[in-house]
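Here are my notes on the model you passed along. Have it open while you read, as I go element by element.

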Amino acid sequence: MRKIIHVDMDAFYASVEQRDNPELRGKPLAVGGAAARGVVAAASYEARKFGVHSAMPSVTAARKCPDLISVKPRLEVYRAVSQQIREIFAEYTPLIEPLSLDEAYLDVTESLKGMPVATEIALEIRERIKSVTGLNASAGISYNKFLAKMASDLNKPNGQAVITPKNGPAFVEQLAVKKFHGVGPATAEKMHRLGIETGADLKAKSLQFLIEHFGKSGPYFYGIARGLDERQVKPDRVRKSVGAEDTFNEDINDLDLATSELRPLADKVWSYCEAKALSGKTVTVKIKYSDFTQATRSRTIGLPFANGNQIFEVATGLLATVYPFKRPVRLLGVTLSSLTQDRHGDNDQDQSQLDFGM
């Protein structure tokens, strides 16, 4: 039986800002663009009480919380703190799978410190994080990744919870499927149409039914409905893409102007690739319209891209396929995927993802 811990920092970006600026403590805070076109990247718990959350337009956040304070993201600071936290994880296990700067899975089945009880390990890790960084972390402990992830949300903020093998299946059965990790809004809506509202409803469906309606995700849903998840904690977790996006100060309806906005995005993607000796074969352009609907267009070439100009040229052609725009464009993104570590054609899949659009 494995012992898995999911550690999730509490309101990470906002908590770092409140730690570094005492005047922000105890106040509703949003990290992200405060301008009319900005988007909230993270919200403090004080702001969340007003309904402010990440990915919310800044104008909406300000309307919900008139006293909201907005600060610009400091990604380098967040990365440095994240590295401190990962060094703490490494004191307990080499099996660490980061999901983002502020959360990770740890397999502590065999702890480096010889500690046999996973709940005690989680408690000690949270105390070490608090001591080193001054920040609070929550944790979930269970016998697989899915349930550890679900458990970490049960006693947030600054708490932890355990789901044992004995109560795992019953926990899943009573849970709404829309709260399942890995079930997004579109999948939840599809399940709703199929009469699947809870884990018990999902468990009642056959494997064949789930494969028929959800394809390769069917076996995963079949397993988690029974409290089963065989996925391993992978320290070398493969990332799939390098991306950059930008929200414009004013909506764009002109193709030439929109095309010019692709240039800095392609350059940012390629700069990161050069620094990591990466390239890729697939370019995807993301278009978000003024009504927040979006579209994507992709193209794959035979050999890895050799420079940013090539990425820009392909992105330009992809953007042209959606012109005339059905509505003015508020955001554009460029992503490079099908990555290889060596730009000369080595196929080692050491892939990485970078989000430049804050």
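**Notes on the model**

1. Let me start with a helix on a sheet. Helices (H or I, at least four residues) and strands (E, at least two) are DSSP runs numbered from the N terminus.

2. Some ground rules. This is a predicted model, where local features need pLDDT of at least 70, side-chain atom pairs count only at pLDDT 80 or more, and totals for chains, interfaces and linings use all residues. Residues are numbered from 1 along each chain as its sequence is written, and side-chain values use heavy atoms, with hydrogens and water left out.

3. Strands count as paired if DSSP finds at least two bridges between them; E2 (residues 29-32) and E3 pair antiparallel over 3 bridges, and Ala30 has Ala43 in E3 as its bridge partner.

4. There's also an open sheet of 5 strands, ordered E5-E6-E1-E7-E8, again with mixed pairing. Its edges are strand E5 (96-100) and strand E8 (160-162), each with a single partner strand, so one side of each is left without a neighbour in the sheet. Twist here averages 15° from one strand to the next. E5 and E6 run antiparallel, joined by 4 bridges, and Pro98 has Ala104 in E6 as its bridge partner.

5. Two helices to look at on that sheet: H4 touches E1, E5 and E6, its direction making about 155° with that of E5. Helix H5 (residues 118-133) touches E1, E6, strand E7 (137-142) and E8, and its direction makes about 165° with that of E7.

6. Finally, which domains does the chain get? The assignment gives domain 1 (4-11 + 76-162), domain 2 (12-74), domain 3 (167-225) and domain 4 (241-341); these bounds come from an automatic or database domain assignment. The centres of domain 3 and domain 4, taken over C-alpha atoms, are 34 Å apart.

Terms used: Axes fitted to C-alpha atoms, helices over the stretch in contact; angles between N-to-C directions. Contact = heavy atoms within 4.5 Å.
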